[in-house]
Amino acid sequence: MPSYLDGSALKKSLSREGFFALNLNITTIFDLARDYCDDYISKNKLKILDNSLGQIFLLQILKKLSREKMLDYFQTSLFSPGISRSIYLAIKELRIAGFSSRNFPHPVIVNSQKSGDLLKIMQEYEKILKEQNYIDEADIYLQAIKYKKKNQQKKETFIVPSNIELNYLEQVFFRKIILPGAKVIYFPAPRNLKKPASFYFSGATKEEENFPEDPLDYLYDIDKITSNLSGKLNIELIQSHGEFNEVKTIVRKIKSQNIPLDEVSIFYTVQEPYSQYLYQLSRQYSFHITFGSGISIKNTSPAKLFFDLIDWIRDNYSIAKFYFLLTGGNFEFKNQQSNPDIPTPQRVASLLRNTPIGHKRNRYIKGLDLSIRQLRSEIEQVSEDRQEGYRKKIKDFFWIREFITQIFHELPQENFDYTISPKQVARGLINIVTNYSRIDEENNLDQEAIKKIKERLTVFIESDYPLPDMPVNEVLTLINDLIKKERVNCSEPRGGFLHTASYKKGIWLNRPYNFIVGMDSDKFPDSAHDGSILLDAEKKNTGRINQDKGKNKESQYKMLQLLASLEGKIILSYSRFDTQGNRELAPSSLMLQLHRLKTGDEQKDYSDFYSSFQDTSGFIPGKPQEILDSADWFLYSTRHNFLDIAPLFEHLYPDLFEGFYAARQREKEELNRFNGKVKVDPEWVDPRLNRGLMVSSSRLELIAFCPYLYFLKYILKIQPPQEMIEDPGVWLKPSEKGIIFHQIFEKFYKKLKEISPPGIFISPSYTNHWPILEDLVISQLKQKRKRLAPPNNLVYQHEGKEILDSCRFFLHCEEEKYKGEIPAYLELAFGTRDNQNEELGRIKAVELSLPGGKSISFQGKIDRIDKLDEDTYRIIDYKTGTPYEFSRSKYFRNGKQVQHALYALSLKKILAKAGISAFPKIQKAGYYFPTLPGQGRQYFYGEERRNQVLEIIDLLLDIVAQGNFAMIQKADAFMCADYRDILEQNQVMEVSGKNAKKYDEEPALDNLRRLQEKYE
């Protein structure tokens, strides 16, 4: 039999038909040959070569011959596993055709260089087999023919199917050993078709002529069909919209017709995506199904973890990949239930994402140690009630450190750029998958997957062949290829179970209902190349190897043989549309021919074929009996307008119903509870009433910019998830660069103050002070690199140069603009956690009295305060972006620019309270763009309108207290980037311009209009 599963299926079919088949022993040609030469194998202590190991041998052979410059035809700088597989298939084909290095068929290879290279490769291959004590498939057949099993019983009888396909050595073995005592089982097939050359019994026989006539005998001679056969073709054709609907249509038919599952077979022309869709539907609708060729191992948790590990290593151990590996649902700590102190994978991932690891395995332990030290330094600065949380986090970090150490112990690789041992990596992956895979106890798929992974990699690991260390990506590709095509849950048909298999296996089954899917022209007939590098002409010249071009005819014959053999109902389906590729698909030519045979008209064309379908099976069921779930029910009811489903929809899905209602309300030209009008408690949200709320300038400016954005950020406290997808060309985000610039500028002026003589401040000079500033920049970049690893050195050097160039530009600007100002205070924080100043001590939040009679607590950090004379000061706020929104004529920018005024009012109070000056004067306050993008521009504002900022604060906080959170900015604005997905759900409410007229009667916008009119 072709396989043991096929034999088991045949036995069950025979038993169902009343034949006594229990005493039949099933075997395959290969296993019989191996059994016949097992004495030889045992005596010589030989090992049978695994195909995957053979491909690895070929890869090493190609590398060796390439290094020694012995290849002329296969000239490439890099041999991939894919190339080695193609050449390995060619070597296998030649050897199984009876050729070796001793009788290599030079004349049949069209290119002499190719012939010479293949001979050298085969010689090396045979040399490895001999040195490593391996025997491959070809040698097994050759030895089986020589060393026929001594105790073979002469009365042994073989039952052989007439459609058995054999290669050259199999034919020789079959002819000499099996054929003399063989009985052949013949299968019906259309008589006017020639058997494929790959069939051993390819000639016509009397047994086949005795089969009764079948309508399929006239498939290509429709006009000759006899009257007694017309109309007897028990075949139905179905047209579907997409492959998924092909499969779902079958499930609907089974349900609607109450067909027992074990009376149904589903045959596919290509395994995927049909096996996967059937597996998904069986889980969704909880029906039993067996898979003749199994399902992809990638459906199991161990395999998902295995491939996630490979992706993680391939991405240079990036923290982003590791985060998703831990949180993907396929990872677990086995002893977590017995030890509650062990953090969950989600907890580990959450802690790791906030560590300074980034990429590279050597940063994990360093990053964890750095995080532990930082937590230990912070624990003393927090309240006692928060210290326990810090201690728990430190404990978890120590546990994670040990866990990471164990993981890296399994993957012995010091540097991603160097070579690694393939066998060590494979061994480590086995251990990690075994120890950390989540196992579903309700089925055995996960256990079977672990067993498969162990088996495949163990063959690779235990090979005596000395594999050299290889580059990381090559090793990962090699190991990935060993597992990616593996399948689990292979099963013979079982009672109570629907069964699915390839149409090539269907001849062994006999069930009353048979569905065949995938009958579009892209999938049938199969004319795919097997991947060998041998040309069809070369295969033909050997006289022993079947050509690829005949495969489509073989597919046609096997399909028609199946159709002729099946006695039950046959339903063939094809997809008319590729839903993934978004393109039309055509039916297989066999579908058109079957349509012609059914109608008895050989003149029918494709337009007639398409019009013969009343409906295309799609997402909506055709009949009430075919409804599988609530989604089907709603779609069916909507299409047929049976009833108003809104009340039922509201009852079943109240949240979704409310969402649709909210979407309609958002589109109205009014402020309501669905687009910003919120009932709030002023005692909670208004800083004038809730004095526990600290106010910052950025918080107030956000209200003026967009009240709805303020609502999301400060009322609902929605924070965007930390992005784990890293740009390989970017190291520092703009905000991180801004922090570095602030730190550099602060340290630079502190250094200048240190080296200035007492009572004198030396003026900044590029000639004199660039070395100081350059050292500070380099030092700051190195410190940042410890906390956050750059993707690579090239990116680090590029961004470091940008920062150096901007600092160089800054020093030139400072030298040019200096007019005797003395930087009195740098990074002066008040009301914040870091509010300790060397000269002024701890500075509390500033209380600002508002025109409405109430007060607020204001906090902030002033980047730089220059002293102009005895009691006169200037406030500078560094901006590291571009100044396109700033203007000297726009003092407040309608409330979006209030920081300069608030800082000036606050500084007067701070200096007076500290006794620095009884009546300090803040002559100017503004913004300075000292980097290359800002070109050194400065925007300073005097005292003339400064007190108006207190009126603006009252207006802004009234908006908050009244719950008027209108969205007045488009979602594509820069400041809206983090909340774009939310903002896009709402309509923008204009407060100025031509589109603002429709909102003139909306009172909730009055304060925003007042800001537009009075506080530019």
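Let's start with N480, which counts as buried at 18% relative accessibility; buried here means under 20% relative accessible area, exposed means over 50%, and partly exposed is in between, with a 1.4 Å probe and protein chains only. Before I go on, a word on the source: this is a predicted model, so local features need pLDDT of at least 70 and side-chain atom pairs count only at pLDDT 80 or more, while totals for chains, interfaces and linings use all residues. Residues are numbered from 1 along each chain as its sequence is written, and side-chain values use heavy atoms, with hydrogens and water left out.

Back to N480. This residue sits in helix α19, residues 472–483; helices are DSSP runs of H or I with at least four residues, strands are runs of E with at least two, and both are numbered from the N terminus. Which residues does N480 contact, once neighbours within four places in sequence are set aside? They are F307 and I310, where contact means heavy atoms within 4.5 Å.

Next, please find T290 in strand β7, residues 289–291. T290 is buried too, at a relative accessible area of 2%. Its side chain makes a polar contact of 2.7 Å with the side chain of H499. By polar contact I mean a pair of N or O atoms within 3.5 Å; within protein, one must be able to donate a hydrogen and the other to accept it, and residues adjacent in sequence count only if both atoms are side-chain atoms. Beyond four places in sequence, the contacts of T290 include S491, P493, F497 and H499.

For contrast, look at F30 in helix α2, residues 29–36. F30 is partly exposed, with a relative accessible area of 23%. Leaving out residues up to four places away, F30 touches I48, E137, I140 and Y141.

Now the nonpolar cores. A nonpolar core is a set of buried Ala, Val, Leu, Ile, Met, Phe, Trp, Tyr and Cys residues joined through side-chain atoms within 4.5 Å. The largest has 121 residues, and I121, F306, W312, L457 and I479 touch the most other members. W312 also gives us a list of neighbours beyond four places in sequence, among them Y317, F322, Y364 and I407. Apart from that core lies another, of 76 residues, including A925, F929, I968 and M989.

On to a sheet. Five strands form an open sheet with mixed pairing, in the order β18-β23-β24-β25-β26; two strands pair if DSSP finds at least two bridges between them. The edge strands, each pairing on one side only, are β18 (822–830) and β26 (938–941). From one strand to the next the twist averages 25 degrees. How many bridges join β18 to β23? There are seven, and the two strands run antiparallel. Within that pair, Y825 stands opposite I865. Helix α30, residues 734–755, lies across β18, β23 and β24, at about 135 degrees to β18. For those angles, axes are lines fitted to C-alpha atoms, for helices over the stretch in contact, and angles run from 0 to 180 degrees between N-to-C directions.

Last, the cysteines. Taking a disulfide as a pair of cysteine sulfur atoms within 2.5 Å, the count is zero. C813 is itself buried, at 8% relative accessible area, and C37 is buried at 0%.
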